[in-house]
Amino acid sequence: MSGIKVNGLDQLNAKLRKNMDLNVVKTVVKKNGADLQKKAQRYTPVDTGALKRSIGLNIKDGGLTAVVAPTTEYAEYVEYGTRFMESQPYVRPALGEQKQIFKKDLEKVMK
């Protein structure tokens, strides 16, 4: 599936440890992860609802990483399509929206 890769995490982490409490960053990560989960669920095409319900949020790395992903076996087929069916993206549009908000929230933390 898709994801956000942030370069310079070591430098960001060092600056944050020097300048502020990491709890603020953890709050930003958790909030944006939850918002991404809600958006992905909102964009998910619904037949039985199993795919929508399977989209979960997992907070890792001591609160510095949020993983939002579906757990159904067919999730990628819906997202990207197959030769027999059109794609019905739900994670990529949600990620496209949320990553801009996440970047702005991190910029606010850095000021």
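User: Which residues form a nonpolar patch on the surface?
Analyst: Tyr74, Tyr77, Phe84 and Met85 form the patch, with about 460 Å² of accessible area together. Patches are made of residues with over 30% relative accessible area and no salt bridge, joining like charges within 9 Å and nonpolar side chains (Val, Leu, Ile, Met, Phe, Trp, Tyr) within 5 Å. Accessible areas come from the Shrake-Rupley method with a 1.4 Å probe, and for residues only the protein chains shown count as cover.

User: What should I know about the model and the numbering?
Analyst: This is a predicted model, in which local features need pLDDT of at least 70 and side-chain atom pairs count only at pLDDT 80 or more, while totals for chains, interfaces and linings use all residues. Residues are numbered from 1 along each chain as its sequence is written, and side-chain values use heavy atoms, with hydrogens and water left out.

User: How do the strands pair?
Analyst: Strand 1 (residues 56–60) and strand 2 (residues 65–69) pair in the antiparallel sense, over five bridges. Pairing requires that DSSP finds at least two bridges between two strands. Asn58 stands opposite Val67 in strand 2.

User: What about the turn in that hairpin?
Analyst: Four residues lie between the strands, and Asp61 takes a positive phi near 55 degrees there. Asp61 is not a glycine. Most residues other than glycine have a negative phi.

User: Is Asp61 buried or exposed?
Analyst: Asp61 is exposed, with a relative accessible area of 55%.

User: Switching to charges. How many salt bridges are there?
Analyst: The count comes to three salt bridges, each being a side-chain nitrogen of Lys or Arg within 4 Å of a carboxyl oxygen of Asp or Glu. One of them joins Lys31 and Asp35 at 2.7 Å, N to O. Both residues lie in helix 2 (residues 22–43), four residues apart, about one turn of the helix. Lys31 counts as partly exposed, at 45% relative accessibility.

User: Which residue does Arg92 bridge to?
Analyst: Arg92 forms a salt bridge with Glu79, and the closest N and O atoms are 2.8 Å apart. The pair links distant parts of the chain, with Arg92 in helix 5 and Glu79 in helix 4, 13 residues apart. Their C-alpha atoms are separated by 8.0 Å.

User: Buried or exposed, for Glu79?
Analyst: Glu79 is buried, because its relative accessible area is 0%. Arg92 is partly exposed, with a relative accessible area of 34%.

User: And what does Lys39 bridge to?
Analyst: Lys39 forms a salt bridge with Glu97, with the closest N and O atoms 3.7 Å apart. Lys39 lies in helix 2 and Glu97 in helix 5, so the pair ties together parts that are 58 residues apart in sequence. Lys39 counts as buried at 12% relative accessibility, while Glu97 counts as partly exposed at 34%.

User: What else is Lys39 in contact with?
Analyst: Leaving aside neighbours within four places in sequence, Lys39 is in contact (heavy atoms within 4.5 Å) with Ala94, Glu97, Gln98 and Ile101.

User: Which residues of helix 5 are buried?
Analyst: They are Val91, Ala94, Leu95, Gln98, Phe102, Asp105, Leu106 and Val109.

User: What does the end-to-end span of helix 5 come to?
Analyst: The end C-alpha atoms of helix 5 (residues 91–110) are 28 Å apart, which agrees with the 28 Å that its 20 residues should span. The expected span of a helix is 1.5 Å times one less than its number of residues.

Technical notes: Helices (H or I, at least four residues) and strands (E, at least two) are DSSP runs, numbered from the N terminus. Buried means under 20% relative accessible area, exposed over 50%, partly exposed in between (1.4 Å probe, protein chains only).
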